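Let us walk through this protein together, one region at a time. Keep the viewer open beside the text, and turn the model as we go.

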Amino acid sequence: MNYLSVENIAKSYGERELFNNISFGINKDQKVGFVAKNGTGKSSLLNILAGSDSPDEGQVIYRNDIRTAFLSQEPDLDQDLTIEQTIFSSDNPTLKVVAQYEKAMENPEDADKLQEAMDAMERHNAWDFETEYKQILFKLNLEDLHAVVKNLSGGQKKRLALARMLLKKPDFIILDEPTNHLDLDMIEWLEEYFKKQDFTIFMVTHDRYFLERVCNEIIELEDGKLYTYKGNYSYYLDKKEERHQLEQTNTEKAQQLYKKELEWMRRQPKARTTKSKSRIDDFHDIKHRASQRRLDHKVQLELNMERLGSKIVEIHNLGKELGGKNLIHNFSYNFKRGERLGIIGRNGTGKSTFLNMLTGTMEPDQGKIVIGETVKFGYYTQKGIKIKPGQKVVEVIKEFGDYIPLKKGRQISAEQLLERFLFDRKKQYDFVEKLSGGEKKRLYLCTVLIQNPNFLILDEPTNDLDVLTLNVLENFLLDFPGCVIVVSHDRYFMDKIVDHLFVFKGAGEVQDFPGNYTDFREYEASKPKENNSTEKADTRKEKKEFKSSSSGPALSYAEKKEYNKLEKEIAKLETKKEKIQQKFLEDLSGDEIDKTSQELKEVENEIESKTERWFELMEKLES
């Protein structure tokens with residue numbers, strides 16, 4: 001069943017053509033990853049598919065009866081709503097039933113309306129949906145349902161937009177970097193969630209493991225052409241390499257043929273026969289094919305950095321608390337030359353705090369950090385750099401340096417460094433505000449490197465970078481002779497770069513693990529069950545605390561409200577029952593006795609029904 005048809009669309013901004021004459025289709029149950037370089041129009045294409053932008057040419061056609069949802073990099077949320085109100089503002093009909101039930105619970109005196117709301121919950125299977133709703137919020141660390149959107153961080157807003165989109169239960173979803181601002185546990189949960197749900201997906205992500213485990217098709221935009229690969233990311237890499245080799249072989253054959261034809265052209269007299277003219281036309285076609293060159297950009301920087309001394313960074317009994325939370329407790333470590341360290345852990349466990357203390361922007365509460373005299377940090381933060389209005393790309397980097405020294409007495413200018421990082425000479429004189437998000441990140445990376453550091457600290461460097469740039473960065477880091485610290489949720493990137501980990505486990509504990517991320521996950525999975533009992537107990541405790549903060553012990557938010565209201569309603573019905581029973585002591589006619597008996601029966605039935613529900617909730621509360 002076809003959900004989406006994209007027919008011959010094109011998009012340009014002034015003289016800059018992003019893409020032209022692009023066509024493809026998406027069918028039910030396809031999970032498609034879209035791969036392209038930064039600045040070639042990935043986000044523009046997603047905006048066109050989502051209807052927030054329109055193509056210059058061509059058309060996008062959706063099937064009429066499907067529900068679509070779009071997760072952008074910058075979510076459009078009502079700043080004055082709470083998290084709970086944002087969720088309930090969705091157009092999911094089941095969520096509307098839950099919202100109506102919540103409203104009815106606020107006025108339990110209106111028994112008819114409350115019963116109607118509860119019946120609607122039963123009809124729409126909304127009790128199970130509410131459980132899923134709570135699970136999604138818990139997994140995405142959105143515990144405070146009453147927090148107002150305008151007070152949330154950028155990461156919290158992205159996670160809220162993701163939760164809202166998932167709870168809409170759309171048929172077809174469009175995702176722009178869905179793993180940004182998610183920690184590793186959240187990403188792995190989201191992978192499993194997408195595997196279980198019947199979503200049809202079209203997404204842009206730099207997370208190659210996410211592409212590998214979620215997608216069953218890859219579409220690549222390269223040099224203005226679309227290439228489709230019916231498989232996951234590994235299949236795409238294999239087939240792309242085969243295509244490149246075939247193109248290279250064809251190019252070499254065309255070059256050889258071109259040389260022969262060139263000799264023939266030079267030998268021919270001025271008078272041409274019809275057959276010769278045909279061969280001349282073929283010659284020009286061969287010349288065109290022979291002159292084609294792959295425009296693959298590879299960064300090969302051999303930095304001549306200042307040599308690190310025997311003392312690099314020494315950490316002695318480090319301790320730090322923030323907001324009443326113990327982030328790091330009594331931690332010690334000495335860095336050695338050439339270390340490649342990855343840092344992982346849930347959001348809020350102290351990863352960025354540790355980096356800030358390491359670079360001197362934050363003081364520890366206890367212990368000390370001793371920095372060697374030869375150490376020169378290059379710190380790539382999540383905040384990026386501030387761009388002055390009207391600034392050009394090359395002007396930004398020259399504020400940090402005009403060149404960096406290379407080995408064998410050579411040097412590379414700011415312009416050459418930018419070119420190596422995929423900014424051609426024309427792009428270097430563009431205004432920075434015209435760059436895409438990924439291009440700005442790439443520029444920021446260049447400003448860090450041109451300062452010629454010997455100790456690189458990269459805090460989420462992979463966010464918004466395309467796969468090609470990630471390969472460039474990985475190759476550079478593999479050749480980098482200094483120390484490297486990486487904080488990243490990109491598991492593929494971590495596996496390729498680091499050889500040991502600091503695992504921030506919370507409650508001040510930091511574990512030094514001798515391996516990369518995949519090694520760590522395999523180690524955790526291989527632990528005997530009894531060794532995981534404490535972890536499982538902590539998980540259950542976290543879930544219980546989450547429910548306590550928003551819903552009451554062992555009950556969901558709606559169930560807790562229902563439980564409290566039922567006690568009051570049952571008490572009122574018992575009083576009403578006693579009053580009806582008192583009527584039988586009066587002198588009643590036959591019709592009045594029948595009417596009063598019917599009224600008593602209805603009240604008793606209602607008491608029985610509500611009491612049964614009350615016992616169900618009480619048992620759940622005590623479990």
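Buried stands for under 20% relative accessible area, exposed for over 50%, and partly exposed for what falls in between, using a 1.4 Å probe and protein chains only.

A word on the origin of these values: the model is predicted, so local features need pLDDT of at least 70 and side-chain atom pairs count only at pLDDT 80 or more, while totals for chains, interfaces and linings use all residues. Residues are numbered from 1 along each chain as its sequence is written, and side-chain values use heavy atoms, with hydrogens and water left out.

Now for the overall picture. The protein has 21 helices and 20 strands; these are DSSP runs numbered from the N terminus, with helices (H or I) of at least four residues and strands (E) of at least two. Of its 623 residues, 47% count as buried. A contact means heavy atoms within 4.5 Å. Among contacts with a separation of 6 or more, residues 24 or more positions apart account for 68%.

Let us turn to a sheet. Six strands form an open, mixed sheet in the order β14-β17-β18-β12-β19-β20, where two strands pair if DSSP finds at least two bridges between them. β14 and β20 (509–513) are the edge strands, each with a single partner, so one side of each has no neighbour in the sheet. On average, neighbouring strands here are turned by 15° against each other, direction ignored. Such angles run from 0 to 180 degrees between N-to-C directions, and the axes are lines fitted to C-alpha atoms, for helices over the stretch in contact. Helix α16 packs on this sheet, touching β12 (340–345), β17 and β18, and its direction makes about 150° with that of β17.

Is strand β17 enclosed or open to the outside? In β17 (residues 455–459), 5 of the 5 residues are buried, so the strand is largely enclosed by the rest of the structure. Both of its faces are covered, with F455, I457 and D459 on one side and L456 and L458 on the other. β17 pairs in the parallel sense with β14 (residues 377–380) over 4 bridges, and I457 is the bridge partner of Y379. With β18 (residues 483–487), β17 also pairs in the parallel sense, over 5 bridges, and there L458 has V486 as its bridge partner. From β17 the chain passes through α16 (residues 467–479) to β18, a β-α-β crossover that is right-handed: with the strands pointing away from the viewer, the path from the first strand over the helix to the second runs clockwise.

Another open sheet has 3 strands in the order β11-β10-β13, with antiparallel pairing. Its edge strands are β11 (325–334) and β13 (366–371), each pairing on one side only. Neighbouring strands of this sheet are turned by 20° against each other on average, direction ignored. β10 (residues 313–322) is joined to β13 by 5 bridges, and E314 has V370 as its bridge partner in β13. Helix α11 (residues 351–358) packs on the sheet and touches β10, β11 and β13, with its direction at about 130° to that of β10.

Aromatic side chains come next. Rings of Phe, Tyr and Trp (its six-membered ring) pair if their centres lie within 6.5 Å; planes under 30 degrees apart count as stacked, over 60 as edge-to-face and the rest as tilted. The whole structure holds 24 aromatic pairs. One of them, F331 with F502, is edge-to-face, at 5.2 Å centre to centre and 85° between the planes. F331 lies in β11 and F502 in β19 (residues 500–506), so the pair ties together parts 171 residues apart in sequence. F331 is buried at 8% relative accessible area, and F502 is buried at 0%.

Finally, find V149 in the loop between α5 (126–139) and α6 (154–167). V149 counts as buried, at 0% relative accessibility. Leaving aside neighbours within four places in sequence, its contacts include L77, L81, T86 and L160.
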